[in-house]
Amino acid sequence: MTEIISNLHLTGLSSTESAIDNPIGDNNPPLLTPNVDDFNDTPLTQHELQLSDFEVNWQDRFTDTQLDQLVNNGWVILDDVFDHKALLALQAESGFIDYREAQLTAGIRISNIRGDKIRWITKDFFAGFYYLQSINALAAVLNRSLFAGIRHSEAHYACYPVGFGYQWHSDNPAGRDERVISAVFYLNDKWTISDGGALEIIDNDGIYHHVMPAANRLIIFDSNLQHQVQIAHRQRYSIATWMRRDNLVPFIKDGI
């Protein structure tokens, strides 16, 4: 794959600032290894789940054309991302979570702005934690190809009940610029237009796009792009994901 120089000016950080001195890469992998001893009471299917089930050859999945689209338009879609076993594990895990009310940046719950319920992914979520490891492998590819300076990733499961969505916003609130690349992975099978819940996104040229939340689809986009989730007419499950270039912080507490 041809290495290209990115023009994704995603944050105000310069290459000389310490926050991006050590991006994820071959010589600086993220330290993410779940302790399987903590899962003695979990179902057999989780014991059988392996990190290898979530491995994706991101270098091959991202063609030069797709990288150019991410750089120039600010977004790209990848379909059929994971093997069926990994997808089933994520779907199952998302269905058994005790979700919490999502809040805005100031810690306020305003249901007419966002109506999703969430649960941050930590090492306690076996399939979700393997998903995060795969996302960090993707971050390493983006660092090599686009000099993105990503240092770590975070993600949460999201559930939109019927009748709720999320109004227009960017993933870097005013005065904040830690998030470089956003991604959303979709979990619902057989989603139709009548189910609503599409992601609307405005690209770098100001063009509107509608993205259906089809299972095993990953949309990857500049965290500064404006986007919204349309009202869902069927319960909608996904994983919201962010690749960040600030210092690694401890896992976020539930409910925040």
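**Figure 1. An overview of the predicted chain.** A residue counts as buried when its relative accessible area is under 20%. By that cut-off, 50% of the 256 residues of the protein chain are buried in this predicted model. The chain is built with five helices and eleven strands. Take contacts between residues at least 6 apart in sequence: 82% of them join residues at least 24 apart.

**Figure 2. A close-up of the largest nonpolar core.** This core has 46 residues, and Leu90, Leu142, Tyr157, Phe185 and Ile220 have the most contacts inside it. Helices and strands both take part: among the elements that each supply at least two residues are α4 (84-95), β4 (152-160), β6 (179-186) and β9 (218-222). Which element gives the most to this core? That is α5, with eleven residues. Another core lies apart from this one; its 18 residues include Tyr166, Tyr186, Leu199 and Phe221.

**Figure 3. A close-up of Leu90 and its neighbours.** Leaving aside residues up to four places away in sequence, Leu90 touches Phe54, Phe82, Ala127, Gly128, Tyr131, Tyr157, Phe185, Leu187 and Ile239.

Figure 4. Strand β3 covers residues 117-120, and Ile118 sits within it. Is Ile118 buried or exposed? Ile118 counts as buried because its relative accessibility is 4%. Asp98 is 20 residues away along the chain, and its C-alpha atom is 8.7 Å from that of Ile118.

Key
Residues are numbered from 1 along each chain as its sequence is written. This is a predicted model: local features need pLDDT of at least 70, side-chain atom pairs count only at pLDDT 80 or more; totals for chains, interfaces and linings use all residues. Side-chain values use heavy atoms; hydrogens and water are left out. Helices (H or I, at least four residues) and strands (E, at least two) are DSSP runs, numbered from the N terminus. Buried means under 20% relative accessible area, exposed over 50%, partly exposed in between (1.4 Å probe, protein chains only). Contact means heavy atoms within 4.5 Å. A nonpolar core is a set of buried Ala, Val, Leu, Ile, Met, Phe, Trp, Tyr and Cys residues joined through side-chain atoms within 4.5 Å.
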